[in-house]
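Here are my notes on this model, point by point. Please read them with the structure open.

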Amino acid sequence: MAWRKAHFNRALCVALVAQASALRAEVCPEGRPGRLAAIAGGYAGAEVAVVAARRADWWTTPKTGFHAVWDASPSAGQDRLLHAAIGYYIAQAGEALFRWACVSEPGAAWLGAALGVAVALPKEIGDGFHEQKGFSIPDMLWTAAGSMLPPARRTWHPARAFALKANYWPSQEYRNRTGPQPQLESDYAGQRYYLALAPRRLLHVAWWPPWLGLAAGHSVPYWASQPPVHEWYGALDMSFGELPVRSRWWQRAAWVLDQIHVPLPGVRLREGRLSLGLF
């Protein structure tokens, strides 16, 4: 769990810095080996640091031969969506970094997706040698799916209408906890994940405002429960980058804001009950 928290926070920070650098970067005709080496070295160093910081996860727990598992989610899929979101954010950061290294599109986007998968891979391989864990196939599939969306948006026009977004507010369960769970990264009841759709881009509807979208979301009322309880959302969505503001500073800020789903009018479905609100 601590690994997920560290990578989630790091991915967001790297994405913001890298995107700002990419916006300022000069146009360059070909890849720069020195910058590519810096990216590879940064990745290797970060992975070594994570293994060193979390060595107990690999060297002090019961070990076995490598095995893969198709494990069930204890949180109605919220942990899987967290993997997808991490892959999505890291892929965007990676794309910006490879553009900084003068890799042309769409190659930079696909290399960013590979980086999103590569960041998660060592942890899962380590888990594969522990009898209480295992290489989680669902976790890697969700990570790959989230990582592949940014390059898909670059290369396949219909995919440009879709985006992954998230928001978070500490749940009452997290604020009032008396035991070790939930931790910040496993506060699934406070996390909401959305697949946002821009109807104007997908359907080419001229009268639909380009900054107004739709979003389908998912959350849970508890960090873990048996059986798992789902919360489904349908809401309006805001695309800040489509607002008619063209200054460079706003485009940078809008890119950051568009990673987040801002609560807007919508509906929530939980255990057969429908409610209205800002979601």
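1. Strand β7, residues 265-270, pairs with β8 in the antiparallel sense, over six bridges. R270 stands opposite R273 in β8. Keep in mind that this is a predicted model.

2. Now the whole sheet. Six strands form an open sheet in the order β3-β4-β5-β6-β7-β8, and the pairing is antiparallel. β3 and β8 (273-278) are the edge strands, each pairing on one side only. From one strand to the next, the twist averages 25°.

3. Next, the helix on the sheet. α4 lies across β3, β4 (191-197) and β5 (212-219). Its direction is about 60° to β4.

4. The largest nonpolar core has 16 residues. L82, Y88, Y89, I90 and Y193 have the most contacts inside it. Two or more residues each come from α4 (78-100), α5 (107-127) and β3 (162-168). α4 gives the most, with seven residues.

5. Look at Y88 in detail. Leaving out residues up to four places away in sequence, Y88 touches G146, S147, L149, P150, R153, A163, L164 and Q259. There is also a second, separate core of five residues, with I39, F98, V103 and A108 among them.

6. Last, confidence. The mean pLDDT of the protein is 88, and 87% of its residues reach 70 or more. Residues 1-18 have pLDDT below 50, yet this stretch has 41 contacts beyond near neighbours in sequence. Over residues 20-25 pLDDT also stays under 50, and here the model has three contacts beyond four places in sequence.

Key: Residues numbered from 1 in each chain as written. Predicted model: local features only at pLDDT ≥ 70, side-chain atom pairs only at ≥ 80, totals over all residues. Heavy atoms only, no water. Core = buried A, V, L, I, M, F, W, Y, C linked by side-chain atoms within 4.5 Å. Buried < 20%, exposed > 50% of the residue type's maximum accessible area, 1.4 Å probe, protein only. Helix = DSSP H or I, 4+ residues; strand = E, 2+ residues; numbered from the N terminus. Contact = heavy atoms within 4.5 Å. pLDDT = per-residue confidence, 0-100. Pairing = 2+ DSSP bridges. Axes fitted to C-alpha atoms, helices over the stretch in contact; angles between N-to-C directions.
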